[in-house]
Amino acid sequence: MKTYEKIIEKLILICAVTATISVALITLFIFKSGLPVLADYGVFNFIFGTTWSPTNGSYGIFPLIAGTLSVTLGALVIGIPTGLACAVFLAEILPKHWAKAFKSAIELLAGIPSVVYGFFGLVVLVPAIRNFVLPIYKIFHPEASATGFSILAGAVILAIMILPTIVSISENSIAAVPREFKEASLALGANKMETIVRVLIPAAKSGILSSIILGMGRAIGETMAVLLITGNMAKVPSGILDPVATLTGTIAMEMGYASPTHQQALFAVGIILFVIIMLLNIFAQLSMRGMGGSAR
Amino acid sequence: MKKILAMTLVMILAVAALAGCGAKNQGADTGENPPADQVTGTVVTAGSTSVQPLSEELAAAFMDGNSGITVEVQGGGSGQGIKAIQEKIADFGALSREVKDEEKASVTKEIVIAKDGVAVVVNPDSTVENLTIEQIKKIYTGEIKNWKEVGGEDAPIVVVSREEGSGTRGAFTEITKVAGKNDAGEEVDNTTKEALVQGSTGAVMQTVATTPNTIGYVSLGSLSDTVKAVTVEGVAPSAETVLSGEYKISRPFLYVAGGELSKAAQMYIDFVLGAEGQAIVEESGFIPVK
């Protein structure tokens, strides 16, 4: 091997090692900063305490966990059917040259900064929920009052934000299903609808699942957009029009002026967030293996 | 292959250039010695954490112009500020409240460096024009939940607050007594759990401006006519009413000293009260006193 090739090889190695070390150092740093509070306050009290009031010394993050999970779940409920339907439409129904234009438009969504999504939510979606959704909700719950800052607002915005991820990866994996599958299905007398639902989607399921996991990761980690529109009320929600505070939003909002103990508590929130994302990833990987596919 | 070689060379050159930059800066730092006739020394301020960010800005600007003097800014709270001058570990104690009677004995010099005011704002459609401090306190602790109890329409009050640890929230809860000592004597913030929380002045303004039945608070410097500022105890918030003391949701930022000021300390306080220092006060969102 020539000398400069060796040098380049080493340079590439250094790049790879840097990336890996960064991850390790960040993990180490978060755990080192947050663990003292977890140890002092008690992991159980920390996770299941229902009062988040750092200036008064109460660090119960259960409302924040509930907030993050409810907003994420809402985003998935809205985002998965929409995204999947969109992917099928692009891959199977729309003529190729039209599909290209549609796809690049959807991918453009990924390029919008999240604070812009948040601001859009704040000035358009929140008032819309207050003016149009609340009156319908009131038919069933006459006593209800809401401002629009809610799980619903967060879920809708996050659903839009995870669409590009779900659509583009799902579309690729549906398009990658061998032609023979489709031809065989049609030859056996199945119509287009049956072919898509019974053959193409099951064949592409591992790609679809990984798109959902990536989307979910983005939804859990998203900060700026939800910070502006969910109301940040650290209280366990009882309905989809209730405001919630999320783990990420709370960290971002309070880090600036936090006192040292408060700051450690925020790092501990980071640990919990880290653990939740790890657990979800492991769970998703396992369930995919159970289905005979893999994320790659 | 030649391309790769060229790129590697470029990278190495870039790294070398960066390293060169670092070395040059170091040289500049050590090469600057203060002239012999310049005042040197250390000025220490300690006390209120609300004043701390402002003090840090002022100190940084002051040290830019006076390289011989170091200004150290410490926190600890207003009580700590008094203690620090009693024990002579600081030149100035920083307070975000008036000096209490029992503290007067140890304070020889009291200098107001800035004032901080918080405006209470409501949605522009609200019919409420005036609130008392007591009413504001009850709204923010969740005792009053409907606008009709304070002379408005029959509608639930939507309370908008700032995040935990925010300086504006600290000032507001302290002055309106939303925060106070509990039975055990600990300082407790009693802001209702039913409050929407927004992380910036802008977000509070936007929320209050667009959401019916809201009440919020913003620092006086950021007030605009997208929201309606209510009068507090009959006084409208403005820089003038805060300076005269008529507007109640305001507090002074004080530097207090216990003995004679050192030459360096005197230079620092002259700078703070001078045009440049007061400009920094205004930039930081507080009300200049000069």
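Author: α5(A) passes α6(A) in a right-handed crossing, meaning the near helix is turned clockwise from the far one by less than a right angle. This is a predicted model, where local features need pLDDT of at least 70, side-chain atom pairs count only at pLDDT 80 or more, and totals for chains, interfaces and linings use all residues. Residues are numbered from 1 along each chain as its sequence is written, with chains lettered from A and ligands numbered from 1 in the order in which they are written. Helices here are DSSP runs of H or I, at least four residues, numbered from the N terminus.

The axes of α5 (residues 114–140) and α6 (residues 151–175) of chain A come within 9 Å and cross at roughly 135°; they're lines fitted to C-alpha atoms over the stretch in contact, with angles from 0 to 180 degrees between N-to-C directions.

Who touches whom? On α5(A), residues including A:Gly121, A:Leu125 and A:Ile129 make the contact, and on α6(A), A:Ala153 and A:Ile157 are among them; contact means C-beta atoms, placed from the backbone, within 7 Å. Ten of these contact residues are nonpolar, two polar and none charged (nonpolar: Ala, Val, Leu, Ile, Met, Phe, Trp, Tyr, Cys and Pro; charged: Asp, Glu, Lys and Arg; polar: the others, Gly among them).

A:Ala153 and A:Ile157 turn up again among the residues with the most contacts inside the largest nonpolar core, which has 137 residues. Such a core joins buried Ala, Val, Leu, Ile, Met, Phe, Trp, Tyr and Cys through C-beta atoms within 7 Å, buried being 20 or more other C-beta atoms within 10 Å. α6(A) gives the most to this core, 16 residues.

Definitions and conventions:
Helices (H or I, at least four residues) and strands (E, at least two) are DSSP runs, numbered from the N terminus. Two residues are in contact if their C-beta atoms, placed from the backbone, lie within 7 Å. A residue is buried if 20 or more other C-beta atoms lie within 10 Å of its own, exposed if 12 or fewer, and partly exposed in between; C-beta atoms are placed from the backbone.
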